[in-house]
Amino acid sequence: MLHFLPEPPNVSLIYIDSYRPTWVIVSILLAILASYAALKASSRIEQQYETESKLAWALISAFTLGIGIWSMHFIGMLALSLPCSIHYDLFITLISMIPGILAGGVVFGLVWHHRTKRMSSAVGSIFLGAGIGIMHYTGMAAMRLEGFVGYNPYLFTLSIIVAVALSYLALRVKGDMVYLNTRHDVLVAVIMGGAVSGMHYTAMLAAYFVRDGVEIHIPPSDLTTNTLAICIALTTVFLALTALVLAAFSSNKETTKQLRDNERRLKIATDSGQVGIWDLDLQTNELIWDETMFSLYRTCKENFSGAYDAWSTRLHPEDKTAAETALQDAISGIREYAHEFRIIGPDREIHYIKGHAHVIKDQAGKPIRIIGTNWDNSAHALTQQQLKFAHAAINNSRSSFFWVNSKGQVIDINDYTCQSLGYSRKELIGQYIWFFDSNFSAESWPRKWAMQKKEITRTFNSSFKCRDNSVFPVEVTANYIVVGGEDYCFFFAHDITDRKAADEQIKQLAFHDPLTLLPNRRLLRERLKHSILKHSINVERRDGKTLALLMLDLDYFKAVNDRLGHLAGDELLQQVATRITERLRDVDMVARLGGDEFIVLLEDIAQLEDAARVANEIITCLTKPFYLAQGENIQIGASIGISLYPQHGDSLDTLMDHADAALYQAKDAGRGCFAYFSEELTRVARERIALETRLRNAIKQDELRVFYQPQVDIASGRIVGAEALVRWQDPRDGLVSPIRFIPIAEKTGLIMEIGEWVLRETCRQGREWLDAGLPPLTLAVNVSPHQFRRCDICALVTIVLSDTRFPVEQLELEITESGLMENQSNATTILNSLHAQGVRLAIDDFGTGYSSLAYLKLFPLDVLKIDKSFINDIPFQQDDMEITATIIAMGHILGFKVLAEGVETPEQLAFLLEKGCNSYQGYIKSRPLPAQEFAELLRDQQRNEL
């Protein structure tokens, strides 16, 4: 039981201790020696293969360290001198050895060598420090004196910390130094001995030897303190030396065994690998060969002189100088000897020999011997030679060769490929194959690599991209191979530009007319077959588009041939082909059947009249003069027959027959015109085209007019605005309805010109009315969806308002729902820009289109116009009444003014007034009026208000 004193005892009660320096030093040296011997013994554990041997060395190491710890402690205690009688309990003293031995067993047997190397040095140091401490304080408990031993708790704790800390340091040093030499072992032993000694003498500082007046009986003994210390020291030294001797003996025995095993392995290796060993004495020039050397050089001992010449005379004449120079360089210390040379055997056969050697020097550094090995390298040399030839052949080939790994990275590539691509070999190695081969990509590589592994060999067409971004076609053969357990792919590619050009030329001759380079009948048949299939699918989808075949025959071409010759006729046909092609879209096709006959294939036409329009444009462009190289100005014409799919047939032959029949109708009608296979279609198309021509002239000749329909405030009954409506005053037919010419204007693009004219004319007229003293009005101008989508409406409004000086706040632009929805991406931006200028914005014909509140609330609108289709049947249709009431309420909620179109009866007006509609327009007030009549209507309103 340890006796801790919270405070130091009275000085008069304390025995004053002292130490004999000699035994203190001896105790420390014993701790170091025992630690060193234990380390050496423990090093044998790793060299053992049997569990019993490992356990035996672990016990020797633990016992040596434990005895060293115990003897250090006991001699350290014997070095203590007290002015009283001291006696030690023999049983407890012997028991105190056990903690030290156990601690050593844990550290050496477990922590370092018994498959628990993962245990940290910290854990091992705790075990060792604890063992040292328990051993010390157990030994102190064996002390008997006239009094008792008390301990300072702080120094007691410090002694344990010293033991653990220095043990940790020793274990860390040993753990960090994997291969310990004698110097490192001594260092670890010193630290470990310091842990034992440091703990002991720190613990002795913690001890108070206190008198208590109790006398003890000390049995007589023949051994003096010095004698006992000498016996313990000698015993410890003997045990430590015994451990060292056993470790050294075991090590030497193991080394001898390893040398014998290595010699046996070397013999087996040299015999199985046909490696010969030679030894040249540089003093006597004596050369010694083993049995394998004679076999390698195809000779026997009887024919071997045992001198240097016995080797040099067997060298190939071309290799002799280089081989002897390499040997002399090794002897001179210039470089190591590692050389390959050829020898000539007795049968005059040439063999390749590979050799390595090591020079042995005396103490003065003078070379005295050179020992080396030779082996037959003929198979490898032949393989290398074959590889060199193959590499040279591949590298100098005029085709591309390269290798890639499983990741798609280039690992080697020949010079021709580098030259073709414009890169250096260094730049391409390591790049991914898709860097230059368009057949591959990072995304497709895993799938194509799996396909390659499955098919082993594949051939395909691809294209290579060069440094200058040019591309050339190649045919590639890819072979999957496995080398050294790794997957690779070997690619062979050659440029097929010339072959492609030849194929294209053959294709051109097979599918094109050689004179005009237009498609011929064969290509036309293939294209039409594909087009019919596509359109049959589209018909099922009900997209409303159709296909047209135009057969064209030149008028008066035979006269040109007869008068100017075939060369002039050929030139004329080429110019005709060019003009027709320029009039078509990319999706259309023109082919030459022969002579002066051409076929035009029109795809995806939305209206049946579109074919007639294209035919009319072709006829018009072909009536213009042609300028030939002979200096002649030639004027011809063309007649066109039109057949439609599927109305007039569902095959090429049928469509061509019907187009041919229509062509004869056109010629019978006087040439220079077109005809449909159907007379009714021909009549409608010709009328529509004629109307388009007249409309173009009407714009030029100022035949358009703007009529104004009043917009009336329902509450007051006053005219507060007007909608500007375009009319066509035709000299022949009178006033033409917009229903007839607006669709044509939108189809042909004339709506852009008409829309700009209406906007400008309306603003000009409005300014004129203001100058004439008429009241300010809001003038509403319709903006076509085509105009809203294609022109810069914001810029146009700005220019027109500036030119006419019409107040911006009196201009209102009406845009249909469909016009907004078709241009959603830009609609908000355009409307915001117009609104920012001060222009009022109205949505026209609301309820007939998308009617999407989600979009409607996003647009900066001022007026919502209810379409007249909802007003017509009020008050007879309840549904229309409810829809109209809902639109009015919704418009007010969104902050819009609501205007109803097409109001014609008092009942309709009363209903709108009841529901809170803001304004209306319709025949109940007035039909659309010319500007002069509308102005008079305004003057009547002014007079009535007065």
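Modeller: Pro-646 sits in the loop between β23 (637–645) and α21 (652–668), and the peptide bond from Tyr-645 to Pro-646 is cis, with omega near 5°. Please keep in mind that this is a predicted model, where local features need pLDDT of at least 70, side-chain atom pairs count only at pLDDT 80 or more, and totals for chains, interfaces and linings use all residues. Residues are numbered from 1 along each chain as its sequence is written, and side-chain values use heavy atoms, with hydrogens and water left out.

Biologist: Which residues does the cis peptide bond with omega of about 15° join?

Modeller: That bond joins Ile-874 and Pro-875. Pro-875 lies in the loop between α30 (868–871) and α31.

Biologist: Let's follow the chain into α31, then. Why is α31 called oblique to α32?

Modeller: Helix α31 (residues 878–893) and helix α32 (residues 906–915) pack at an angle of about 40°, and their axes are 10 Å apart. That angle makes α31 oblique to α32. Here is the scale: under 35 degrees is roughly parallel, over 145 roughly antiparallel, 65 to 115 roughly perpendicular, and the rest oblique. The axes are lines fitted to C-alpha atoms, for helices over the stretch in contact, and angles run from 0 to 180 degrees between N-to-C directions.

Biologist: Which residues meet where α31 packs on α32?

Modeller: From α31 come Met-881, Thr-884, Ala-885 and Ile-888, and from α32 come Phe-911, Leu-912 and Lys-915. By class, this contact of α31 with α32 has five nonpolar, one polar and one charged residues. Ala, Val, Leu, Ile, Met, Phe, Trp, Tyr, Cys and Pro count as nonpolar, Asp, Glu, Lys and Arg as charged, and the others, Gly among them, as polar. Contact itself means heavy atoms within 4.5 Å.

Biologist: His-892 is also in helix α31. What makes His-892 partly exposed?

Modeller: Its relative accessible area is 35%, so His-892 is partly exposed. Buried means under 20%, exposed over 50%, and partly exposed in between, using a 1.4 Å probe and protein chains only. Leaving aside neighbours within four places in sequence, His-892 is in contact with Val-898, Gly-916 and Asn-918.

Biologist: How do you know whether Ser-462 is buried or exposed?

Modeller: Its relative accessible area is 11%, so Ser-462 is buried. Ser-462 belongs to strand β15 (residues 457–465). Leaving aside neighbours within four places in sequence, its contacts include Asp-437, Asn-439 and Val-474.

Biologist: And why is Asn-469 called exposed?

Modeller: Because its relative accessible area is 54%, Asn-469 counts as exposed. Asn-469 is in the loop between β15 and β16 (471–483). Its phi is near 70°, a positive value in a residue other than glycine.

Biologist: What makes Arg-805 exposed?

Modeller: Arg-805 has 53% relative accessibility, so the label is exposed. Arg-805 has a positive phi of about 60° although it is not a glycine, and lies in the loop between α26 (793–804) and β29 (811–816).

Biologist: What makes α18 and α19 oblique to each other?

Modeller: Helix α18 (residues 557–564) and helix α19 (residues 566–582) have axes that come within 7 Å and cross at roughly 140°. With that angle, α18 and α19 are therefore oblique.

Biologist: How many residues does the largest nonpolar core have?

Modeller: The largest nonpolar core has 77 residues, and Leu-811 and Leu-813 have the most contacts inside it. Such a core is a set of buried Ala, Val, Leu, Ile, Met, Phe, Trp, Tyr and Cys residues joined through side-chain atoms within 4.5 Å. Its largest share, eight residues, comes from helix α24 (residues 750–771).

Notes. Helices (H or I, at least four residues) and strands (E, at least two) are DSSP runs, numbered from the N terminus.
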